[in-house]
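Welcome! Take a moment to look over the model below, and then let us walk through a few of its features together.

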Amino acid sequence: MSVTRRWFGALQRAFGAKPAPRGKPARGEPGRPPLPRLALTHEPDTTYAIGDVHGCLDQLRALEARILDDARGRPGSKLIVMLGDYVDRGPDSAGVLAHLAAPPPEGFRRVCLRGNHDDVLLRLLEGRVDPRWWLGFGGAQTLLSYGLDPAPLGNDRRVLAALVRRLAAEMPRAHRRFLAACPVALITPRHLFCHAGARPGVALEAQSDEDLLWLRGPFLEHRGASFERTIVHGHTPAPTPFVSPYRIGLDTNACRGGRLSAARLAGGEVTILQA
């Protein structure tokens, strides 16, 4: 049985998980099918959503330890939702992928959503991204975490493309399978979890993959209850978590000196935890 089928089966038993309707694929990528989405038929008793990790394995382990301590004695089902961007910029992308590809902490289920950096890495490995652009996007740190140093190679596209092919060959299969299995959104009765945000005026089931992975301005600037669920997201860094009835933002720039943040969602209340 595949890793994807195992974790989906566990979620199905615990929360009534089912595939959600797929929206529109990202623009500019003809032939690419829409990314998978997941829906839970009932809300977990306690959910911990974790913001952008970006290779910060030590912070992720520290935050998980805080979550385990916080959850001790809390009754009912427990879910961890990772909001994407596991790779690039920070020191140990390879270690983060290995950690998340392994089973979750005992007593928890876990859903790892896809971030825009994770999606770009997959497209890079398929030869669909210019490696020179990717290095400036934070990819140099990802290469280094796999023992590959792009610095001596300069900016020659063909040479860098050969290095990316080497990355594709040497990256553990479990890491690539993990990234490919990450859905782009998780929908529960109360929340929409995604990496970036949702476009106002568009039904949640009709949101495009591109917006769920990349959107900032129209989503962040919007004021008002135009969504039927609270949107929990990362992607846009801020000094502290943002909490409102309409959205909860959890990217607090862990890879650039900030603290990795999580939100505990239980009984309609939001509590922030940090590494």
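## A glycine in a loop

G267 sits in the loop that links strand 11 (261-266) to strand 12 (269-274); helices (H or I, at least four residues) and strands (E, at least two) are DSSP runs, numbered from the N terminus. With a relative accessible area of 67%, G267 is exposed. Here buried means under 20% relative accessible area, exposed over 50%, and partly exposed in between (1.4 Å probe, protein chains only).

Leaving aside residues up to four places away in sequence, G267 touches D45 and R190, where contact means heavy atoms within 4.5 Å. From C-alpha to C-alpha, G267 and D156 are 54 Å apart in space, and they are 111 residues apart in sequence.

## About the model

This is a predicted model, in which local features need pLDDT of at least 70 and side-chain atom pairs count only at pLDDT 80 or more, while totals for chains, interfaces and linings use all residues. Residues are numbered from 1 along each chain as its sequence is written, and side-chain values use heavy atoms, with hydrogens and water left out.

## Two residues with positive phi

Most residues other than glycine have a negative phi. H54 is not a glycine, yet its phi is positive, at about 45°. You will find H54 in the loop between strand 3 (46-50) and helix 2 (57-71), and it is buried, with a relative accessible area of 4%.

R89, also not a glycine, has a positive phi of about 75°. Its place is the loop between strand 4 (78-82) and helix 3 (93-101), and at 30% relative accessibility R89 is partly exposed.

Which residues of helix 6 are buried? They are L160, L163, V164 and L167. Viewed down the helix axis, these buried residues fall within an arc of 100°, so they line one face of helix 6; the arc is that of the directions from the helix axis to the C-beta atoms. They pack against helix 4 and helix 5 (131-145). The face turned away from the buried side carries the exposed residues R158, R165 and A169.

## Where helix 4 meets helix 6

Helix 4 (residues 116-125) packs with helix 6 (residues 157-170) at an angle of about 105°, their axes being 9 Å apart. Axes are lines fitted to C-alpha atoms, for helices over the stretch in contact, and angles run from 0 to 180 degrees between N-to-C directions. L121, L124 and L125 of helix 4 make the contact with V164, L167 and A168 of helix 6.
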